[in-house]
Structures are given as structure tokens and as C-alpha cells.
Protein chains: 2
Amino acid sequence: MDLYEALYTTRAMRRVSTEPVPEDVIQLMLDAAIRAPSGSNMQNWRWLVITDPEKIATVGHLYAEAFDMGMKTVYAGAKERAEAAGDQQSLRVQSSSQWLRDNMANVPLLVVVCDRNDPTGSSIYPAIWNLMLAARGQGVGTTLTTFSSHFRHDETREALGIPAEKGWRVSAIISCGYPTGKWGVAARGPVTDVVFRDHWDNPTGWDVAGPLWSAGSK
Amino acid sequence: MDLYEALYTTRAMRRVSTEPVPEDVIQLMLDAAIRAPSGSNMQNWRWLVITDPEKIATVGHLYAEAFDMGMKTVYAGAKERAEAAGDQQSLRVQSSSQWLRDNMANVPLLVVVCDRNDPTGSSIYPAIWNLMLAARGQGVGTTLTTFSSHFRHDETREALGIPAEKGWRVSAIISCGYPTGKWGVAARGPVTDVVFRDHWDNPTGWDVAGPLWSAGSK
């Protein structure tokens, strides 16, 4: 796959089938993940590949609890606001997020990512994103979730035997599988709205309507 | 460029020439960056493309000060330890880091990244890494640096007019230019050392010796 196709079309693919992800694809995802840079090349990461259905169910049920906590707190009222505003894009995302909440216990693959000594995330998220891009190249959809880290951290850690005393923590859970929907370029505001030249609020001078890659590009 | 070539060969390229990066390449880097996912698709990011030599010098000199602070504190004694241990890889990284400290004021392009409401970095670092991968595809080397965010944050913010009162902060500075060295697969421990199956310390059962992509792979 072309690099830019992957960069432009890797987005949260929450709805996936139960079809297993082959071992060689999982290996490539993980092996690509660890090529990312980390501060001082410390590689302070561990990756739990969860393929046992019982373990997936345990982690998925904890995710559902964490998701519900998130909806009651940080996202309280978000659905009602989207409905009142007729914000179709937010409603679609909320619907697929609810799907993942209800179905994470049955996806074919979870990757639970652990880090330590990385308070800003600068050393773990490039590697996580490498894993998601590598999956995209093999047609595997992924979704980056962090609810469990916020609302069911210790329960998730204990279910997987992650040793807190060595400083390890659960950074994120990546849900993986073959998507039931289609890949496409994600909706984003125009690049010229969020990029400045040399100083805050100074326009770039670019005449770019946006996305510079599309399915028809070479 | 093939996706996996980019995933396996994008690494810190600190030593760069003074050759300018063309505007269309900069546009593609930024346009690809903002295709990354962010929590609730908030896109809470702003990107300052710094091409004015005076502004680059200002930001680069602040980086040199921040770097020196880092060497005196978090990295105190690191050079002596690497020398005592004969750790050639660390010594090479330290040498190129010193080069960037001495020369950031003269690189052709800096991208200063700002975020807000993203304490874990899960929303900004995928986008930063997209930018670095998109640059790789165009032969542009990048280095992710965070010293200025830790040790010269307010000075950098003020030099660029970043409005603290709206919650914006400097996440990272990405140094960019055409590398004077060669691209290659970065050295990493074996993937089987850092990946477990279903439970901490449980081996994957994989027989994988090492990079699954190399220059000869298709």
C-alpha cells in the first residue's frame, strides 16, 4: 500500500467482524509498532496481544463499564447536544462508539499497550499509531481507546497481570478486526484553518482546499 | 513510497542541510498530519510552520538553552555513563543530539505544534507522527523534540504569540530538512521481548528474528 493512502484513510474502524486476524498479520503490526522512535530510545513499552476469547471478554466487559463511566462524566449530555443540534457526524460517531462498547467483548483481537515513564505520551503514541497504520496496510481496522485507562485502570491491569510495582500502566487498548464498513478519508477542517506561518494567527498563504490525497491520486 | 518502508525507516534525522523544503512538500506534511484521529474528533491542534530565518534562529536558540537544561538535569551523567560503558549507539545519538542543539537555529524548517486539553498525548502524537511519516515519503528528515516544552515553554510561546489564556501549549518542536546521512531501519530489541500473549510475561509463541521489513522486501 502507498504511504499516503494509509496516512489519509486510517481512521477509527469500530465495527468489525468476528473473523480472526492471522498470526502473520499480528506479527507485522507489532513489529512495525516498535520501529517508532521513543525518548532516548528507551523502548519503555510492552504489548499484550489478546486473542483468547475469554480474556477478550474480560477486557471488553471492563471497557463497557469504563465507557459508561465516561458517558456519565466527561461526555455527559453529549448525545443530547448532538441531537438538539442535528449534528449528524457526531451522532454517527456516538452510534459506532456505542457499538464498540457493546461488542468489544467479541472482537477477534485486542492489543493492550503499556508504557512507563512517559507522562506526555511522546514515546508511546507514535508506536501505537505505527501499529494502526501497519494494520491498515493489511486491511485490518483498529480503534484507539483510552476509557479503560481512565476508569478501569487497576481492574484491567490486574486481569492481565501487569505489574504496577515496576511502574507499568495501561496506556490504551486497541480494538482490531476486519471492518464491516468502508475505508475513506476522514472529515477534517481545512488545513489552512489550523496552520500558521511564523507566528500565531499569521496565515500560511497557501491555496489548499484539502485533502491533498484522494482515492484517485497517484 | 510503500507504507512499510516508511514505518520501518522513519527515525530521528537530526543532521540536515540548509536546503529549503519546498512549499508543496510542507503543505503535504501538514495536510497529512491533520488526517490523524483525535479524541472526539476535536482536532485541538495548531501548527506553526516556521520558515523565516530570524524566527528559526529565535526558536533554535531557545531550544539550545532548553537542551542544556535537560543535560544538566534529566540527562545528567548520561554521556559519562555511555563513555564508561563503551556504548557506541548512545554516543552516536548523543553526538547527533548535540549537533541539533548547535544547529537548530539554522535548519530550513521548524514545525511548532500546539495542543490543548490533551493531558495524555493521545490526540496530538498520532498527528505529529503522521507529519513525520509524510515528510519521510518526500525524503525530508524530521526529529521530534520536547526539551523546549519542558524548559523554555513560556519563552517559546511568547516568541510565537501563542495565546496561553486559551489553553494552548507547545507540545513539541519538529526539526525538518534534507538529511545529510542515510535512511535505514532503526535498531530495536526483538519484538518477542516486548510482546506478550493474553497475560503479562506469557510468550507469544512467535518465531520472529527481527525486522519483518527490509530494503530488499517487496
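Tutor: Helix H2 of chain A covers residues 23-33, and its buried residues are A:Ile26, A:Leu28, A:Met29, A:Leu30, A:Asp31, A:Ala32 and A:Ala33. Buried stands for 20 or more other C-beta atoms within 10 Å of a residue's own; 12 or fewer is exposed, anything between is partly exposed, and C-beta atoms are placed from the backbone. Helices (H or I, at least four residues) and strands (E, at least two) are DSSP runs numbered from the N terminus. The model is predicted: local features need pLDDT of at least 70, side-chain atom pairs count only at pLDDT 80 or more, and totals for chains, interfaces and linings use all residues. Residues are numbered from 1 along each chain as its sequence is written, while chains are lettered from A and ligands numbered from 1 in the order in which they are written.

Within chain A, the buried residues of H2 pack against strand S1 (45-50), strand S2 (109-115) and helix H6 (125-137). From chain B they meet helix H1 (3-9) and strand S5 (195-197). Contact here requires C-beta atoms, placed from the backbone, within 7 Å.

Two of these neighbours also pair with each other: 3 bridges join S1 of chain A to S5 of chain B, and the two run parallel. Strands pair if DSSP finds at least two bridges between them. In this pair, A:Val49 stands opposite B:Arg197.

Strand S5 of chain A likewise joins S1 of chain B (residues 45-50) through 3 bridges, again running parallel. There A:Val195 stands opposite B:Trp47. These two strands belong to an open sheet of 5 strands with mixed pairing, in the order S5(A)-S1(B)-S2(B)-S4(B)-S3(B). S5 of chain A and S3 of chain B (141-145) stand at the edges with a single partner strand each, so one side of each has no neighbour in the sheet.

Note on methods
Two residues are in contact if their C-beta atoms, placed from the backbone, lie within 7 Å.
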